[in-house]
Amino acid sequence: MNQVTKGQWNGYDTYILNSGRLEVTLLPRLGNNVIGIKDIEEQREILRRPDESELAFYLQKPYHFGIPMLIPPGRISKGRFEYGGQTYQFDQNTAGDNHIHGLHRTQAWCVSDIEEDDEGCAVSTEFVTSDDPKWMSQFPIPLKLEMNFRLQGTELVQNLRITNTGKQPAPFGMGYHTWFLLDGEPHRWSLEVPVDSIYTLNNELIPTGDTLALGHLEGLNTGLNLKDTDLDTILKIPEGKPALALLKRDDGYEIHYSADRQYFKHWVLYTKGQAEEFLCIEPYTWLPNAPNLNLSSAETGLIHLEAGASVELQTRIRVLHGANVD
């Protein structure tokens with residue numbers, strides 16, 4: 001059934017990819033966000049989807065729904081850093097006059113291609129940062145962002161290509177603030193993710209660059225039940241381990257979330273208070289505040305993007321139904 005159709009959300013065009021097994025809803029004109037993934041077989045929403053009545057909240061904080069892109073992710077101390085001889089000053093949008101969650105919010109992306117074939121379906125979109133004066137005032141090196149969303153069976157692949165179209169090298173970092181639903185039943189779900197330490201935060205919730213042992217979160221390596229968990233935690237992926245998170249329900253239903261290990265070095269886990277309805281599983285390339293930390297780029301994950309150079313970042317979400325592993 002692989003097909004792409006158009007819909008509407010509050011007057012904005014949506015693009016709906018349907019494989020007959022999953023239905024994925026994109027909102028290109030408001031941040032290029034995946035605002036919904038529906039499991040057709042289970043008639044279940046997998047992600048926190050914005051209701052039409054939540055437009056005002058979405059416009060204010062679009063990173064509270066779906067799979068929003070954070071460019072760059074997390075906090076930056078006072079929103080300021082220097083890189084390659086260039087000073088960057090991002091909006092100071094937290095109570096402590098720091099910056100959080102990047103420049104990418106509700107910018108309008110253009111749909112450049114739609115594909116339908118026997119294997120799956122796909123939508124390609126693009127955005128040029130020089131078209132956004134507010135972005136350029138904070139990050140003056142122009143970038144071209146191109147995203148390909150491909151749905152095949154029960155797997156969604158997001159491939160983001162970033163090209164530095166300027167004349168100076170640029171620092172780049174990004175993450176996805178992915179809102180998985182727990183259906184009000186956290187006791188039925190467990191999370192398995194290979195990690196070896198926790199990044200410590202200062203009193204403004206900005207990483208210090210130091211790490212601590214996992215302690216009570218050691219169970220993440222074998223499967224941690226989510227009942228009574230309260231997470232807002234940045235975790236380090238050890239060398240030699242994949243960037244792979246397994247979210248499992250007690251009846252065998254599983255969601256596999258993976259990222260390109262070459263670039264994604266950290267996970268953030270967030271439950272919005274004690275786990276009940278949500279678990280955000282967030283793959284990050286760079287550690288928040290990376291340019292200001294006294295750590296190597298190999299540790300922080302900061303991507304050095306030369307003038308004219310490109311990098312491609314890929315993530316995958318795959319749904320498995322009990323014994324019916326596809």
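Me: What makes the strands in the order 11-12-13-14-28-24-23-18-21 an open sheet, and how do they pair?
Reply: In this predicted model, nine strands line up in that order, with antiparallel pairing. At the ends sit strand 11 (110-116) and strand 21 (224-225), and each of these edge strands pairs on one side only.

Me: How do you know that strand 11 and strand 12 pair?
Reply: Two strands pair if at least two bridges are found between them. Strand 11 and strand 12 (residues 121-128) have six bridges, in the antiparallel sense, so they count as a pair. One of the residues involved is Ile114, whose bridge partner in strand 12 is Val123.

Me: Why is Asn159 called buried?
Reply: Happy to show you! Buried means under 20% relative accessible area. Asn159 has 18% relative accessibility, so the residue counts as buried. You will find Asn159 in strand 14 (residues 155-164).

Me: Which residues touch the most other members of the largest nonpolar core?
Reply: They are Ile37, Leu191 and Ile281, out of 75 residues in this core. Strand 13 (residues 143-152) gives the most to the core, with five residues. A second, separate core has eight residues, including Tyr63, Leu70, Tyr199 and Leu293.

Methods
Residues numbered from 1 in each chain as written. Predicted model: local features only at pLDDT ≥ 70, side-chain atom pairs only at ≥ 80, totals over all residues. Heavy atoms only, no water. Helix = DSSP H or I, 4+ residues; strand = E, 2+ residues; numbered from the N terminus. Buried < 20%, exposed > 50% of the residue type's maximum accessible area, 1.4 Å probe, protein only. Core = buried A, V, L, I, M, F, W, Y, C linked by side-chain atoms within 4.5 Å.
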